[in-house]
Amino acid sequence: MPSFFQISQLAWVLPGSAASGAALLNEAGVLPFEAQSNAELLKFSAKPYLDSVKGYLDPGGHLALAACSLLKKGSASLQGRATPTADVGLVSLSRFAGASSGYSFFAQMQQKGPRLASPMIFPHSYASTAGNLAAIEFGWSGAHMVYFGKQDCRETLEYAAARLAEGSVESMVVLIYEAMPAQLMPAARPIRNGAVALLMEKSEAGAEALLRFSLQELRQTAKICSAEGSLQDALQMLQGLKNITEAR
């Protein structure tokens, strides 16, 4: 097992900001979020960021695919690989996944009947769809895993570390997203919508890295599994890893 792993690149789609960078999001990334800006993200379109996906996408799919596109465009390592490539894997996490599409599909069944509900919508309610579409769109055909539901967001980095350690991939994309419409949750329980995509690799001496950590350090951080969804949890996890990196 390598001594250290690193996050080499980060990309995000959050209220008021869609970008890729070699610096972590500032503290504002984990501050309380406004319901209005959260809802606006459900109208975000990934189409300008993509080459081949032209049909229906769940709001979560839009956010996830745009974040992955920004990650690839911002990373010389990912751009330098041929497509498709088996040395880039992907692990995704979402607490609620394509809930918006599930709601839309069953609303159509109720309004139009089962024979007229759109068959294009239903598959986008699956928890695996956004990650699978990203792997197809960008040619990341290495190891693939989907986490869904009330999961500790550190599990994504654990899975990525295991694949990197065994040598089945050279890089892992870690994708975490939420796109929860307000009508599916109590008003007192907001879910942070948006997406982040991370490029995780084995850490090499002298390599440029946003974050550098060992598995022991990751496991010693507090478990984060809040009521605000996987994205909010991931942003807090990144802040914790930032503190570890800066303290070293």
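**View 1. The largest pocket and its lining.** The largest pocket is lined by 17 residues, and A35, N38, A182, P190 and I191 are the ones that lie nearest its centre. Its volume is about 250 Å³. By class, the lining comprises 12 nonpolar, 3 polar and 2 charged residues. Ala, Val, Leu, Ile, Met, Phe, Trp, Tyr, Cys and Pro count as nonpolar, Asp, Glu, Lys and Arg as charged, and the others, Gly among them, as polar. A pocket is an open set of points on a 1 Å grid over the protein atoms alone, where a 1.4 Å probe fits, with protein on both sides within 12 Å along at least five of seven lines; lining residues have an atom within 4 Å of a point. Grid points are joined across faces, edges and corners, and the volume is the space filled by probe spheres set on the points. The model is predicted: local features need pLDDT of at least 70, side-chain atom pairs count only at pLDDT 80 or more, and totals for chains, interfaces and linings use all residues. Residues are numbered from 1 along each chain as its sequence is written, and side-chain values use heavy atoms, with hydrogens and water left out.

**View 2. Strand β5 and its two partners.** Strand β5 (residues 171-178) is mostly covered, with 8 of its 8 residues buried (under 20% relative accessible area; exposed is over 50% and partly exposed in between, with a 1.4 Å probe and protein chains only). Helices (H or I, at least four residues) and strands (E, at least two) are DSSP runs, numbered from the N terminus. In a regular strand the side chains alternate between the two faces of the sheet. On one side of β5, S171, V173, L175 and Y177 are buried, and on the other M172, V174, I176 and E178 are buried. Strand β3 (residues 88-94) runs parallel to β5 and is joined to it by 6 bridges; two strands pair if DSSP finds at least two bridges between them. V88 stands opposite S171, and S92 opposite L175. With strand β6 (residues 194-202), β5 pairs in the antiparallel sense over 7 bridges, and M172 stands opposite M200.

View 3. Strand β3 is largely enclosed by the rest of the structure, because 7 of its 7 residues are buried. One side carries V88, L90, S92 and S94 and the other G89, V91 and L93, all buried. β3 also runs parallel to strand β4 (residues 144-148), to which 5 bridges join it; S94 stands opposite F148 in β4. A97 lies in the loop between β3 and α4. A97 is buried, with a relative accessible area of 1%. A97 has a positive phi of about 50° although it is not a glycine. Most residues other than glycine have a negative phi.

**View 4. Helix α4 and its end.** Helix α4 has 14 residues (residues 99-112) and should span 20 Å at 1.5 Å a residue; its end C-alpha atoms are 20 Å apart, which agrees. The expected span is 1.5 Å times one less than the number of residues. Buried residues of α4 are A99, S100, S101, G102, F105, A107 and Q108. What covers them includes α2 (59-74). K112 is in α4 and, at 47% relative accessibility, counts as partly exposed. Just after α4, G113 takes a positive phi of about 100°.

**View 5. L63 in helix α2.** L63 has its place in helix α2. L63 is buried, with a relative accessible area of 0%. Leaving aside neighbours within four places in sequence, L63 is in contact with V13, L41, F44, E178, A179, G194 and A195 (heavy atoms within 4.5 Å). From L63 to S75 the C-alpha distance is 18 Å, and the two are 12 residues apart in sequence.

**View 6. Helix α6 and the glycine after it.** Helix α6 (residues 154-166) has 13 residues and should span 18 Å at 1.5 Å a residue; its end C-alpha atoms are 19 Å apart, which agrees. In α6, R154, T156, L157, Y159, A160, A161, R163 and L164 are buried. G167 follows α6 and has a positive phi, near 85°.
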